[in-house]
Structure formats: structure tokens, C-alpha cells
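Visitor: Could we go through this structure together? I would like to begin with the charged side chains.
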Amino acid sequence: SQASTRAIMALGAAGLIVLQGTDLSAGRVSGLTAAFAAVMLQKSDFANKMFQNLPEVTIGWILVVMLGVVAIGAVIGLVNGYFVAKFSLHPFIVTLSTQLITYGVILWFFALNGNNGQPISGLSDEYKTFVNGEMFRLGNVAVPRYVLYAVVLIAIMWFIWNKTTFGKNMFAVGSNAEAAKVSGVNVFWTTVLVHTLAGAAYGYTGFIEGARSGSIAANSGLNTECDAIAACVIGGVSFVGGTGKISGIILGVVILRLIFVALTMLGVDSSSLYIIKGAIILAACALDMRKYLVKK
């Protein structure tokens, strides 16, 4: 259950790493879309409902909101991709900028209608059931529906990466953008679409996280991009570009979750978890670069 939502974000971030980039805005984008979904899907009789004139929460309205937050994420990703591709800016700088802009929008959003920065809660039962409802049981453990949604998205991303021209172009640009351009690949649109797809994945993550957590604060999604990047590197997606597999990403997410769940059960405090997470990212990147230099 914990790995499934993180896998969605990791799948988005992985495409940028294949292009020799990264994304620092992922966590804030998922936080913004989670807040938007939560506000749109609050109970109609909730005392502190931010917007009173919204439609009744039905399956149809839930699907509309889901598509809406995915679109919000995709637009932010498109902006990232445009500036990276059009002006040859490093993704680190572009996504750092959009991270700050998105956080500003989040703070503004949480201050609307007298909310004054308070967490958004009072989510409708229909929304929570749609995401968190029990799908089946493994022994005494209930498997929620959002695990299925993650599996569906994993299958879609696998198909895009392995069976489409766009996927092949993505790896070609990541390996050598100049050679790909000479071969007839539209490097500009490939770069833009990879970022757009990543943003859509972050928006989808926000929709799931909104119901999963039950209450969205302004700092929701903070640093979750670090987990996504770490999982990708552990799973074999190389920062030198042009390398990566969907199966490796999922394995990386699961391994990282197992490590942190085990450390939490062993009583390791939260401050130490950040230190360990940083060390894992540094070690994984160092090993990846060492492997690349040996091959070279």
C-alpha cells in the first residue's frame, strides 16, 4: 500500500532521469493537486467547507476532479518541459523555480475563503471509498483500491516506454540528443511530452494521496520527490541517460519502502531517517556513476 502511491510518482520522475534530468517540483505538484482534489470533494454538510456551491459528490464528479488534477499536473509539467527544451535550461533550475512557484500557489490556495492556512479535511465518504475502499484481503490485511489503480498505471507506463515510438524516442534523446535529432527524432516535443507525462503522474499521485491521508496540509508532499529519485536510481535508472526499466523502478520503490518501514519498526527516529535517505541517494548515484565510468 505504501509503495503503490510512491511508485506512481517514481514512474513520472524516471522519464526525466532517462533524459539526464531531474524534477524538484514533484512533491509540491502532488501537494497542490491533493489540496485541490480534497477541496472539490469535501462533504456537502461539512462545517468548514471551503467552497459551498460545489456539486454533490458522485462517482461522475470524482472522475471529473481526478481528470482535473491530472490536467493541472500535466500543465505544470508542460511548462517545465517547454523551458527545458526551448531555452536549453537545466531541469534542476527549471523545476526548482516551479517548485517555489507551486508552493506559493499552495499557500495562496490554503488562505482562500477564510481558511487561513488550516489543513483541508472533511472529505466525502464517496471519495475515500473510491480510493481507499477494500478491494480484497490477503489473510487479515485489507488491500485498498488505490493499489489496483497503481498497477493499472504501471501497465500503461510500461506500454508507453516499451511499445510506442514516443518511448523509443525518449531513450534515444536520453542517450544522445544530437544523434537522435540527426535521426529524425523531434527532441523538443519529446522533452516537452516526457515532462508533461511526469506532471500528469504527480497529479494522479495527489488525487490518491488526498483520500489516503484524509487531511491535506500546506506541507503535504514535501520532499517526496527525494523518495522517487532514490527509488529510480536504486532501480537502475541512470543519470547518464538512456537507461531504465519499469520493473527496476518498481523494485527500487519496494526496496526503499521495506528499508524505511523496517527502520521505523526498529525504533529509528524520523531525523535519522532523513540522514539515511540522503546517504542512500548519494551512495546509489556514486555506484551508478562508477559503473558508467568503468564501462566507458
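Visitor: Is D125 buried, partly exposed or exposed?
Guide: D125 is partly exposed, with a relative accessible area of 45%; buried means under 20%, exposed over 50% and partly exposed in between, with a 1.4 Å probe and protein chains only. Please note that this is a predicted model, where local features need pLDDT of at least 70, side-chain atom pairs count only at pLDDT 80 or more, and totals for chains, interfaces and linings use all residues. Residues are numbered from 1 along each chain as its sequence is written, and side-chain values use heavy atoms, with hydrogens and water left out.

Visitor: Which residue forms a salt bridge with D125?
Guide: K128 does, with the closest N and O atoms 3.9 Å apart. A salt bridge here is a side-chain nitrogen of Lys or Arg within 4 Å of a carboxyl oxygen of Asp or Glu. D125 and K128 are separated by about one helical turn because they lie 3 residues apart in helix α5 (residues 125-132); helices are DSSP runs of H or I, at least four residues, numbered from the N terminus.

Visitor: How many salt bridges does the whole structure have?
Guide: A search finds 6. One of them joins the side chains of D227 and R6, at 3.8 Å from N to O. That pair links distant parts of the chain, 221 residues apart: D227 is in helix α10 (residues 224-234) and R6 in helix α1 (residues 2-18).

Visitor: And what is the accessibility of D227?
Guide: D227 counts as buried, at 8% relative accessibility, whereas R6 is partly exposed at 26%.

Visitor: Which residues are linked with these two in a network?
Guide: Salt bridges link R257 and K277 with R6 and D227.

Terms used
Helices (H or I, at least four residues) and strands (E, at least two) are DSSP runs, numbered from the N terminus.
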